[in-house]
Amino acid sequence: MSEPLIGVVVAHTEVAEALVAAVRTIAGDDVGLVAVSNRGCDRAALLRRIDEAVAGRPALLFTDMAGGSCGHTAAVLARERPELRVVTGVNLGMLVDFAFHRDEPLEAAAERAVQTGRAAVGVVGGRP
Amino acid sequence: MSVVLFRIDDRLIHGQVVVGWGQRLGIGFIVLVDDEVRTNDWEQELYRMGVPPSVEVIFASVAEASARLAEWERDERKGIVLTGDVRTMVALCPAMPAPRRVNVGGIHARDGRTERLRYVYLSPEEETGLRSLAELGTEVTAQDVPTARPVPLAELL
């Protein structure tokens, strides 16, 4: 079997750390997630941070916003690396599901994360 | 209206610029002045992703920006002109209309730079560059987001 994927969460300030901590609380310690913050980084420094977190492994890069500095830098790195995909708009539901499906092929895992993440967004409340 | 903000920010187009300044100022266009990005279609697409469709993004080289600044100043919409470094803003300065104001929005840690503010680190060359802007009559302040206090250059260096 091939190596399980890892997930690198790249987000503003403490968002990535908080998300990864929340996944661990729900799913346990072995969730294959690494947190990267953009704090204090220009684009080159953030690129190095993501690259170090990936450490040559096949990975999904989960970013908070499409088009922000995190999403942009992750996309620049993934363009050079066939073993990386970027999934934008990360949420907790998406990450918890990923933690249990890290053995899927890269492309399928990325698509799954998008579907799960979208399914986690909705409106609740109000009276019929 | 016209160009309402000239900003140096090494992250170029990102949340602080689009949301923090863009929403508050009600901007209609952003000019990204960077010789490298100007020639990279793929990277331009990435930058566009971060900007709402109501805001036009113009990619310009330093030479193009210098030539078109007067045109942007006459634009009915409000705009932001953005450079990724001090050097590019210094190059643009002669074409800027008076009164000149430059916002230092983000220059991050790198070897050879000294911390001046949480979001401003400067090399000796960059300090010289900012001083030269001031000597040309430009009001230089550091301010990451509109709600923060603008820090004058004298306090920064």
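This is a predicted model: local features need pLDDT of at least 70, side-chain atom pairs count only at pLDDT 80 or more; totals for chains, interfaces and linings use all residues.
Residues are numbered from 1 along each chain as its sequence is written, and chains are lettered from A in the order in which they are written.

Chain B contains 7 helices and 9 strands, where helices (H or I, at least four residues) and strands (E, at least two) are DSSP runs numbered from the N terminus. Its radius of gyration, taken over C-alpha atoms, is 15 Å, close to the 15 Å given for 157 residues by the globule rule, so chain B is as compact as a globular protein of that length; the rule is 2.2 Å times the number of residues to the power 0.38. Along the principal axes, the C-alpha atoms of chain B fill a box of roughly 40 × 30 × 30 Å. Of the 157 residues of chain B, 39% count as buried, a residue being buried if 20 or more other C-beta atoms lie within 10 Å of its own, exposed if 12 or fewer do, and partly exposed in between, with C-beta atoms placed from the backbone. Among contacts in chain B (C-beta atoms, placed from the backbone, within 7 Å) between residues at least 6 apart in sequence, 72% join residues at least 24 apart.

Strand S4 of chain B (residues 79-83) is mostly covered, with 5 of its 5 residues buried. Both faces of this strand are covered, B:Gly79, B:Val81 and B:Thr83 being buried on one side and B:Ile80 and B:Leu82 on the other. In a regular strand, the side chains alternate between the two faces of the sheet. Two strands are taken to pair if DSSP finds at least two bridges between them; S4(B) pairs in the parallel sense over 5 bridges with strand S1 (residues 3-9) of chain B, and also over 5 parallel bridges with strand S2 (residues 29-33) of chain B. B:Thr83 is the bridge partner of B:Ile8 and also stands opposite B:Val33.

In strand S5 of chain B (residues 101-106), 5 of the 6 residues are buried. S5(B) pairs in the parallel sense with S1(B) over 3 bridges and with strand S8 (residues 139-142) of chain B over 4 bridges. Within S5(B), B:Asn103 is the bridge partner of B:Arg7 and stands opposite B:Thr141 in S8(B).

Between the chains, 11 residues of chain B are in contact with 12 residues of chain A. On the chain B side, the residues that touch chain A divide into 4 nonpolar, 4 polar and 3 charged, where Ala, Val, Leu, Ile, Met, Phe, Trp, Tyr, Cys and Pro count as nonpolar, Asp, Glu, Lys and Arg as charged, and the others, Gly among them, as polar.

In chain A, the buried residues of helix H1 (residues 15-27) include A:Ala16, A:Leu19, A:Val20 and A:Val23. These residues cover an arc of only 95° around the axis (by the directions from the helix axis to the C-beta atoms), which puts them on the same side of H1(A). Their cover includes strand S1 (6-11), strand S2 (33-37) and helix H4 (92-99) of chain A. H1(A) is followed by A:Gly28, whose phi is positive, near 100°. A:Arg85, in strand S4 (residues 84-88) of chain A, is buried, with 22 other C-beta atoms within 10 Å. Not counting residues up to four places away in sequence, A:Arg85 touches A:Leu60, A:Ala78, A:Leu106 and A:Ala110.

Technical notes. The expected span of a helix is 1.5 Å times one less than its number of residues. Two residues are in contact if their C-beta atoms, placed from the backbone, lie within 7 Å.
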